[in-house]
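Biologist: I want to learn how to read a model like this one, feature by feature. Can we begin with the neighbours of one residue?

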Amino acid sequence: MGSGLSAPAAVAGQQQPATPPVQWGACPDDALQGVPPAERPLFSCATHAVPLDHDNPRKGNISLALMRRAAGNQAQRIGSLFLNPGGPGGSGWSLPAIGNLIFEPEVLDRFDLVGFDPRGVAQSTPLRCFKTNEEAASVFGRMSVVPVTRQQIHDTVAANAGYSDFCARNAGDLLEHMSTKDVARDLDLLRQAVGDKKLNYVGFSYGTLLGATYAAMFPHRSRAIILDGNVDPKLRTTNGLKYDSGRAQGFEIALDAFLKRCKAEGDKCVFSGGDPRAKFDEIRTYLHTRDITVPDFGPVGLDQFTAMVAGVLYTSSAFKPLAEFLQQAYDVLHPPVAPQVVQGDLSVLKQGAKRGKYDTRAGTPFEGDDSYQAVNCSDKPFPPVPELVPLLARQWDRESPTFGRFQIFTDPLACATWPVKHADAFRGPWDRETENPVLVIGNYYDPATRYDFAKQMARQLGNAVLLSVDSFGHCILGESACADKAAAKYLITLEAPKPGQVCQPDAQPF
């Protein structure tokens with residue numbers, strides 16, 4: 001299978017460092033288990049070296065893991081299409097294996113899909129703060145997701161400081177080079193290494209910050225960039241507290257929309273009786289002091305409840321089980337005279353409720369990575385005062401009663417003691433004009449990256465168009481034929497949708 005490589009070329013007179021081509025080879029057999037046998041010859045994998053420190057390459061290299069799905073029609077191949085799933089810290093290596101679930105067939109015909117694990121992540125050179133799972137458990141086991149009591153708050157603050165100490169001791173030089181600016185410079189070298197003169201890219205969630213950073217740093221090397229589920233780049237990189245407060249409010253907007261939709265659906269949503277908003281608030285308030293044992297679910301406390309509701313808001317296909325869970329929980333507090341028969345499988349709600357680091361066997365070598373916090377603490381400025389977080393939590397509780405405390409005890413607390421104090425992060429300007437408009441896609445009720453963030457992304461970039469989707473859930477490509485066709489047309493012809501266009505999702509909740 002040909003690689004389609006060509007010599008790297010300077011763009012718009014900018015001198016680029018020479019970079020060797022990617023050396024593609026076979027992928028591990030288990031990586032392609034879900035791929036039809038007839039398509040497996042299209043796939044190849046590689047590791048590629050990039051500098052640890054782009055400003056001082058003499059410090060040595062790190063390796064990046066890549067997977068490629070070759071274009072189905074090599075004669076009409078346009079180039080490579082790089083993919084990032086977000087996180088930060090999400091592994092994008094295997095994304096080409098599910099490309100058919102994300103993109104229209106014509107995109108698969110015209111582009112090599114290239115997935116990669118960014119620096120610090122998974123199969124690339126990982127950033128690890130712990131040597132053993134026992135060390136990791138000693139830190140994460142003391143953290144509460146939504147600390148309420150004085151003891152929970154004390155333990156969570158102390159555990160985050162301990163996390164920072166472990167990272168300072170064990171993470172090494174990579175810790176200083178984990179900003180999105182570093183990843184964007186890696187991406188530019190990967191673009192050259194696959195032989196593309198300009199970048200084609202699709203980024204989801206945090207991946208929108210990577211795409212926006214690339215477009216701002218290398219506007220003349222950008223061909224087609226799609227950003228789905230957008231951050232507000234300026235706010236995220238200049239005021240972490242205000243950004244995360246807005247993020248908590250985005251979850252509240254999505255939750256309120258879920259409860260209103262449930263009420264409107266009537267019998268299709270078993271939680272629709274009475275006032276769903278008031279019923280939900282009563283459950284949440286009760287959980288601040290006691291657990292609830294839900295018949296078809298088991299015991300649930302405030303931590304698990306909040307994380308579960310937040311997770312369900314990412315995908316509307318789980319709205320129905322969530323409504324069934326909420327009604328069962330409410331019936332525990334208010335036993336009905338004639339018990340309502342609630343039918344449904346609530347096990348879907350437990351998926352992803354536990355952090356993977358909790359479930360690893362103690363004493364074994366730590367094999368996770370700590371890239372999520374390393375990237376966020378490099379990019380998002382927070383006051384270096386951990387004592388401020390519990391005080392602000394009360395204010396965030398008032399502004400965002402379900403998710404405010406949940407949000408402020410993550411990045412604002414972890415980054416308050418982070419050992420890297422002055423990371424080399426890109427903080428603008430964001431208005432560098434690309435030759436073709438960047439396609440920004442935003443869902444009205446995206447919980448993690450609220451619709452207002454998509455509007456800000458489109459406003460701040462030098463050349464962008466916003467495609468809106470009247471949908472619940474986080475990100476949309478692969479779940480809206482309208483948005484999928486617009487994305488395919490843009491990638492292939494560079495024709496962006498007209499401003500103001502609104503798409504619908506393929507499936508509605510309930």
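Biologist: Which residues does A254 touch, leaving out those up to four places away in sequence?

Modeller: Contact means heavy atoms within 4.5 Å. By that rule, A254 touches L313, Y445, P447 and F472. This is a predicted model: local features need pLDDT of at least 70, side-chain atom pairs count only at pLDDT 80 or more, and totals for chains, interfaces and linings use all residues. Residues are numbered from 1 along each chain as its sequence is written, and side-chain values use heavy atoms, with hydrogens and water left out.

Biologist: Where is A254 placed?

Modeller: In helix α8. Helices (H or I, at least four residues) and strands (E, at least two) are DSSP runs, numbered from the N terminus. A254 also shows how sequence and space part ways. A254 and G473 are 219 residues apart in sequence, yet 8.3 Å apart in space, C-alpha to C-alpha.

Biologist: Is A254 buried or exposed?

Modeller: Buried means under 20% relative accessible area, exposed over 50%, and partly exposed in between (1.4 Å probe, protein chains only). A254 has 1% relative accessibility, so it counts as buried. D244 is also found in helix α8. At 0% relative accessibility, D244 counts as buried.

Biologist: What does D244 touch, beyond four places in sequence?

Modeller: K380, F382, W396, Q407, D411 and P412.

Biologist: Now helix packing. How do I describe two packed helices?

Modeller: By the angle between their axes and the distance between the axes. Axes are lines fitted to C-alpha atoms, for helices over the stretch in contact, and angles run from 0 to 180 degrees between N-to-C directions. Take α8 (240–265) and α9 (276–287). The angle between α8 and α9 is about 130°, and their axes are 9 Å apart.

Biologist: What kinds of residue make the contact of α8 with α9?

Modeller: Ala, Val, Leu, Ile, Met, Phe, Trp, Tyr, Cys and Pro count as nonpolar, Asp, Glu, Lys and Arg as charged, and the others, Gly among them, as polar. The contact of α8 with α9 has 4 nonpolar, no polar and 3 charged residues.

Biologist: And at what angle do α9 and α11 pack?

Modeller: About 70°, with axes 10 Å apart; α11 spans residues 319–333. α9 and α11 are therefore roughly perpendicular. K279, F280, E282, I283 and Y286 of α9 meet L326, Q327, A329, Y330 and L333 of α11. These residues divide into 7 nonpolar, 1 polar and 2 charged.

Biologist: Is the crossing of α9 and α11 left-handed or right-handed?

Modeller: A crossing is left-handed if the near helix is turned anticlockwise from the far one by less than a right angle, and right-handed if clockwise. The crossing of α9 and α11 is left-handed.

Biologist: Which residues of α16 are buried?

Modeller: Y451, F453, A454, M457, A458 and Q460. They pack against α6, β6, α7, α8, β9 and β10.

Biologist: What lies 3.0 Å from a side-chain polar atom of N463?

Modeller: The backbone oxygen of T434. A polar contact is a pair of N or O atoms within 3.5 Å; within protein, one must be able to donate a hydrogen and the other to accept it, and residues adjacent in sequence count only if both atoms are side-chain atoms. Beyond four places in sequence, N463 touches E433, T434, E435, N436, P437 and V438.

Biologist: Last, the backbone. Which peptide bonds are cis?

Modeller: One is from G87 to P88, with omega near -5°. P88 lies in the loop between β3 and α1. Another is from G428 to P429, with omega near 5°. P429 sits in the loop between α15 and β9.

Biologist: What is the phi of C475?

Modeller: Positive, about 70°, although C475 is not a glycine. C475 is in the loop between β10 and α17, and at 12% relative accessibility it counts as buried. F204, in strand β5, touches C475, among others.

Methods: Angles under 35 degrees count as roughly parallel, over 145 as roughly antiparallel, 65 to 115 as roughly perpendicular and the rest as oblique.
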